[in-house]
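Have the model open beside you and follow along.

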Amino acid sequence: MKKVLILGSSGSIGVNSLNVIRNFPDRFSVEALTVNSNIDLLGQQIDEFSPSLVVVRDEKKAEELIKRIGSKVKVLSGDEGLLEAASDCDYDILVSSLVGFAGLLPTIEAIKKGKRIALANKETLVVAGELVTALVRDHNAEIIPVDSEHSAIYQCLIGEELKEVEKLILTASGGPFLNKDKSFFENATVDEALNHPNWKMGSKITIDSASMMNKGLEVIEAHWLFGLPAEKIDVVVHPQSIIHSMVQFVDGSIKAQLGLPDMKLPIQYALSFPERLENSFERTNMPKIGSLTFFSPDLNKFECLKLAYEALIAMGTAPCILNAANEIAVDKFLKGKIKFSHIPKFINKALEKMENHRDPDIQTIVDCDRETREFVGSLVS
Ligand code: MG
């Protein structure tokens, strides 16, 4: 029996993780759950999965939950609560699915405990890849990617030698604006940007898909997970999202992993690896899908993807600046304060303005993240 701690159990990855766990009651149990503020859903999850600990990041909501449920479950709050859960709970697998930079520190706690990390929080590797991969080695921890592209590559690499890999090919759906002109970005609305054709996800990542920053962050994530340089990580637009990514080897052979766009599969794989568990999820019906198409991304139109490649090549704190600037810009766009076309402009300004620190330690990364947020926030009144 593997005990699971889910960081972010009310988000789409968290809910899907519980959907997987529900199917395998003799394999997995829920040790702890955390949410930002959604105590209604957390209450239902407590009733169904009986965790021994929950964390509500919002302190008022945590008090409200305690009033509701009494002493049935231990309730912690705040960022300290998240850290305490990750460092003190008795668990085997951490599902790291907080949105954004907030996921970094509790994930590091779990790595220091030598746990398996089912990693959905891509920012952990984007902002602190060098540090995190070193900690994983030092503490004998294990990262199994949950992001569908990286899960695909992970699966394609089983039984292969990394030195025989010529390149990784990340697939991208292209998001809702794939067939729009760049000029459309001037007046694109929040609703249009949130209307993803294939994947149902949270709002931050859906906006990142529309700008293709999501793919940019995934290129950086792939670099740290698989140790290949930027020039060996390609992005191919594949609107059907059936091939989740590919690996091309030195003999020209390409392996791909296919499946329906449903996060339950990569989540289950990260929980059960190296085993594959039989399930009743919907199967991929190839004749029904009919055709798979591919083309190159337009880096002139999707500037965020280009900026992410540049940040990866620059290294140091550049990916941290890229990520923090993007989080603030996306937040401002969602609140109707800036245009969609402003997102890459703000990121570019931050990359030009903020100092790039080489070989950053964790405090440098935390400071860089905060200072970048302040800078980008100051660009909008
Ligand atoms: Mg992905």
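Which residue in β2 is the bridge partner of V4? It is V30. Before going further, a word on what you are looking at: this is a predicted model, in which local features need pLDDT of at least 70 and side-chain atom pairs count only at pLDDT 80 or more, while totals for chains, interfaces and linings use all residues. Residues are numbered from 1 along each chain as its sequence is written, and side-chain values use heavy atoms, with hydrogens and water left out.

Strand β1 (residues 2-7) runs parallel to β2, and six bridges join them; two strands count as paired if DSSP finds at least two bridges between them. Strands here are DSSP runs (E, at least two residues), helices are runs of H or I with at least four residues, and both are numbered from the N terminus. Strand β2 (residues 28-35) is largely enclosed by the rest of the structure, because seven of its eight residues are buried. Buried means under 20% relative accessible area, exposed means over 50%, and partly exposed lies in between (1.4 Å probe, protein chains only).

Now move along to another sheet. Four strands form an open sheet with mixed pairing, in the order β9-β8-β10-β11. At its edges sit β9 (233-237) and β11 (254-258), each pairing on one side only. From one strand to the next, the twist averages 20° (axes are lines fitted to C-alpha atoms, and angles run from 0 to 180 degrees between N-to-C directions). Strand β10 (residues 243-249) and β11 run antiparallel, joined by five bridges, and Q248 stands opposite I254 in β11.

On a 1 Å grid over the protein atoms alone, a cavity is a set of points where a 1.4 Å probe fits but cannot get out; a pocket is an open set with protein on both sides within 12 Å along at least five of seven lines; and lining residues have an atom within 4 Å of a point. Grid points are joined across faces, edges and corners, and a volume is the space filled by probe spheres set on the points.

The second largest pocket has a volume of about 390 Å³. It is lined by 16 residues, and the closest to its centre are G259, L260, E282, R283 and T284. Take R283: you'll find it in the loop between α11 (264-272) and α12 (286-289). It counts as exposed because its relative accessibility is 51%. R283 and L260 are 23 residues apart in sequence, yet 7.4 Å apart in space, C-alpha to C-alpha. The R283 side chain makes a polar contact with the side chain of N279 at 2.7 Å and reaches the backbone oxygen of F281 at 3.0 Å. A polar contact is a pair of N or O atoms within 3.5 Å; within protein, one must be able to donate a hydrogen and the other to accept it, and residues adjacent in sequence count only if both atoms are side-chain atoms.

Finally, the structure holds two cavities of 30 Å³ or more. The largest has a volume of about 60 Å³, and its lining includes F185, S211 and K301. The second largest cavity, at about 30 Å³, is lined by S148, S151, Q155, H244, Q257 and P266. Helix α7 (residues 148-157) gives the largest share of that lining, three residues.
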